[in-house]
Amino acid sequence: MPNSVPPTTLTAGDHYTWSEESTVANERWEYIFTGDDGRKVSVTATYAANAHTFAITPALSGSFGSGIFTIDKLVYADGERTTTRKIAVLTVYPDPAVTVEPTHNEKMVAALRKSLEGGAPEFLESHSVNGISVNRLPHLEKLAMLRRYEARLAREQDRRRVAQGKPSRREILIEF
């Protein structure tokens with residue numbers, strides 16, 4: 001049985017199709033998925049056999065990125081638009097085929113931030129860095145260690161950006 005509603009969960013890289021019945025062929029139906037961080041992804045329907053059919057292709061679902069999205073429906077007819085807000089919420093999970101394991105620097109920055117907020121993860125209780133227990137470090141030493149790992153992480157991310165052909169965060173691009 002084909003789906004009749006937009007998805008509420010989706011894994012990036014997956015395909016999802018749904019149809020909604022309609023007898024009006026000259027309307028344009030569109031769903032807008034808006035992420036918590038402001039990202040927007042649009043899916044427009046095709047009309048055939050008294051139904052508007054929507055398709056989220058693997059490439060399109062990969063462009064969502066993981067996160068929570070609110071779903072709005074737009075219907076354009078006779079030069080006017082009708083909006084139905086927040087008809088559902090979509091949770092997009094990362095693509096397990098391309099999800100990259102966090103680097104050591106990313107893990108340490110996350111662990112130190114969590115420790116400074118007072119909610120140290122379990123592995124931090126017995127974890128050590130260079131033979132020093134991170135959980136027993138004074139607050140100021142944790143801050144200094146966090147700054148060192150953030151600097152290492154920034155350099156690591158710059159190298160990745162340059163390898164992808166993007167400018168590093170140190171470059172300023174000006175157009176005339």
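This is a predicted model: local features need pLDDT of at least 70, side-chain atom pairs count only at pLDDT 80 or more; totals for chains, interfaces and linings use all residues.
The protein chain contains four helices and 10 strands. Their order along the sequence is β-β-β-β-β-β-α-β-β-α-α-β-β-α. Considering contacts between residues at least 6 apart in sequence, 55% link residues that are at least 24 apart.

## Burial of strand 3

Strand 3 spans residues 28-35. Seven of its eight residues are buried, so the strand is largely enclosed by the rest of the structure; the burial criterion applied here is a relative accessible area under 20%.

Which strand is joined to strand 3 by eight bridges? The partner is strand 7 (residues 67-77), and the two run antiparallel. Within this pairing, Ile32 has Asp72 of strand 7 as its bridge partner.

Strand 3 also pairs with strand 4 (residues 40-44), again in the antiparallel sense, over five bridges. Here the bridge partner of Phe33 is Val41 in strand 4.

## The hairpin turn

Strand 3 and strand 4 form a hairpin, with four residues lying between them. Gly38 is located in the turn and has a positive phi of about 95°.

Terms used. Residues are numbered from 1 along each chain as its sequence is written. Side-chain values use heavy atoms; hydrogens and water are left out. Contact means heavy atoms within 4.5 Å. Buried means under 20% relative accessible area, exposed over 50%, partly exposed in between (1.4 Å probe, protein chains only). Two strands pair if DSSP finds at least two bridges between them.
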